[in-house]
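Hi,

Here is the structure I promised to pass on. Have a look at it first, and then read my notes below.

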Amino acid sequence: MSAAAPKKDGLYDCRDSFAATIEALAEADSRIVTVVSDSVGSSKLGGFRNKFPDRMVNVGIAEQTLVAVGAGLANGGKVPFVSAASCFITGRALEQVKADIAYSNVNVKLIGQSSGVAYGELGPTHHSIEDLAWLRLFNNLKLIVPADPWQTAEAIKAAAAYDGPVFVRVSRMAVPALERPEGAKFEIGVAETLLEGTDVTIIANGTMVHRAIAAARTLAAEGVSARVVNMATVNPLDEAVIAAAAETGAIVTVEEHSVRGGLGGAVAEVVISTNPVPMRILGFPGFVPTGSAEWLFDNFGLNEPGIADAVRQTIARKK
Amino acid sequence: MPSPATPLQNDLTGEIAAQALWIRRRSFQMVYEAQQGHPGGDFSAADILATLYFGVMRYDAKKPRDPGRDRFVMSKGHCTGAFYAVLARAGYFPEADLSTYMEPLSKLNGHPNRNYLPGVETNTGPLGHGLPVATGIAIAGQLDKADFRTFVLTGDGELQEGSNWESALTAAHRKLENLTLIVDRNRLQQGARTEDTASLDPLDDKWRAFGWHVETVDGHDHAQLFDVLSASPKGRGKPLCVIANTFKGKGVSFMHDNVSWHHGVPSKEQYELAMQELV
């Protein structure tokens, strides 16, 4: 199974990869079911519903029941993929994620759709820039933030193959397919180094990875050698890659999330207790004003020039 | 272990009564020794638990994850005294383990954990979690056309949690006749009477309006409980809600219908007095 075709201009909606992959997996494994809260279209699961009408459970607009029903289906031997807008499946059902899924340690896959600021103009109620901070507290819940269509497909396959709770954060923002070496593999908990570098390491995930690569190329033209790491798994962290990043003497993290408690916070926890080096965490400061997602990225420096600036400033702090 | 399929009614209710008494005595000993727990709710639920485990449910305690087992979800997860006692009595783990209740590193946490204890289906404690999970279990059974049943026991104050009513809609919409909710209707929540806090009555009408089949029984009458819980759900086309009218602290005079025994713990004198009554 492969990632779905690009939408336009060589850019992809990762939800298409999620949908194509879950349909292919469901063909091969009759235990796979989907659970939605009137979120069929926004999860791009119309095709799944047409192919497997009996294997989609729609509980209506009821996120607590959405997540709990996933736990119950796992108890009954199913492999449920529970899919809804990331802001609601996490915040509205957080105690169900904690008690029914993580603490109960059941084989449920939570899919947080349209995460980050994808619903830009709809405002902070519909933004999901807190989800990783909330979920990172549940130590046994695997957290994956894929960066492109290939990695989304691989993350869904890995989640299905893993026996335990997983959260996959899927974006609807247009992203390019990243260039990878032949034979690249995805493994939960293993980060990938997309660009080698020695002066600084940019650690990003999700929709920020291609922007981090663009910033690194700009910096390279200035003679700055920036490593770019795609840390798609936020839990468990690839601590060896973080330790290696600290060896470059400076780290900048970039995420479509709050600067509080997400990827940057997770990386900082490792860095501060092993090899403290100058660090900068790029993301959103909190509730953000009205604007399109692209406007928000630009306004908060989550773009090529913003990342490059942050890198220059962080390198300047090296001793 | 489960009783034979067609026992003499008197023998069965006698067996259930004996187990219920044992559950009350053993759970109260656990609470006394731990000086923690929720004995009032243990006692209101004891007859329901004994009827389920020693009369109604199909299970093999040596195969706690058997796909065909009937499931029991203890939504009122704070009443672990009675729940652990019945699980041990049913053979899921040694009765001697009950003496470790709430000790450091004990598998017998204040609220049940399925990863420590066989027979626990889902980790409960926060209220309003059991029915939604049980709904998911029942949907799995429905998808597989399996014949196992799913039982869930909630407190009554717990029904103030909105999550229950979300899943009430889902269960009725999907005609989950394999799902049975038992409400331990002791009319006392932690701090006061339910009707003085956030009224539930008329509770039977509420469940009917949500599309459930409702039966109301004396929750301390084993024959009534057995009859309503053991009746085949096939063809009913609706989930079943059994409103079991009970008393918090049932079985001990000074605890009877007394809110202070929600999480009250006995002194030595009270413990000995209670044990004299629980015979």
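Predicted model: local features only at pLDDT ≥ 70, side-chain atom pairs only at ≥ 80, totals over all residues.

In total, 24 residues of chain A and 25 residues of chain B take part in the contact. The two chains bury about 2,000 Å² between them, and carbon and sulfur atoms account for 49% of that area. There are also 18 residue pairs in polar contact between chain A and chain B, counting pairs with both residues at pLDDT 80 or more.

Now for the salt bridges in general. Over all chains, the structure holds 28 of them. Here are some that I looked at.

In chain A, A:Lys157 pairs with A:Glu154, and their closest N and O atoms are 2.8 Å apart. Both residues sit in helix H7 (residues 149–161) of chain A, three residues apart, which is about one turn of the helix. A:Lys157 has 24% relative accessibility and counts as partly exposed, whereas A:Glu154, with a relative accessible area of 19%, is buried. The cut-off for buried is under 20%.

Another pair in chain A is A:Glu294 with A:Arg211, whose side chains meet in a salt bridge at 3.3 Å, N to O. A:Glu294 belongs to helix H11 (residues 293–299) and A:Arg211 to helix H8 (residues 209–221) of chain A, so this pair ties together parts that are 83 residues apart in sequence. A:Glu294 is partly exposed at 40% relative accessible area, while A:Arg211 is buried at 10%.

Over in chain B, B:Arg193 forms a salt bridge with B:Asp257, with 2.9 Å between the closest N and O atoms. B:Arg193 is in the loop between strand S3 (179–185) and helix H6 (203–209), and B:Asp257 is in the loop between strand S5 (240–245) and H8 of chain B, so the pair links parts 64 residues apart in sequence. B:Arg193 is partly exposed, with a relative accessible area of 32%, and B:Asp257 is partly exposed too, at 26%. Chain B also has a salt-bridge network that links B:Asp156, B:Arg185, B:Arg187, B:Glu195 and B:Asp201.

In helix H8 (residues 268–277) of chain B, the residues B:Tyr271, B:Ala274 and B:Met275 are buried. Looking down the axis of H8(B), the buried residues fall within an arc of 100°, so they line one face of the helix. B:Glu269 and B:Gln276, on the other side of H8(B), are exposed.

The other is helix H10 (residues 263–274) of chain A, where you will find A:Gly264. A:Gly264 is at 0% relative accessibility and counts as buried. Leaving out residues up to four places away in sequence, A:Gly264 touches A:Thr253, A:Glu255, A:Met279 and A:Ile281. Of these, A:Met279 is 15 residues from A:Gly264 in sequence, with 8.9 Å from C-alpha to C-alpha.

Cheers

Definitions and conventions: Residues numbered from 1 in each chain as written. Chains lettered and ligands numbered in written order. Heavy atoms only, no water. Contact = heavy atoms within 4.5 Å. Buried area = accessible area lost by both parts, 1.4 Å probe. Polar contact = N/O pair within 3.5 Å; in protein donor to acceptor, adjacent residues only side chain to side chain. Buried < 20%, exposed > 50% of the residue type's maximum accessible area, 1.4 Å probe, protein only. Helix = DSSP H or I, 4+ residues; strand = E, 2+ residues; numbered from the N terminus. Arc of directions from axis to C-beta. Salt bridge = Lys/Arg side-chain N within 4 Å of Asp/Glu carboxyl O.
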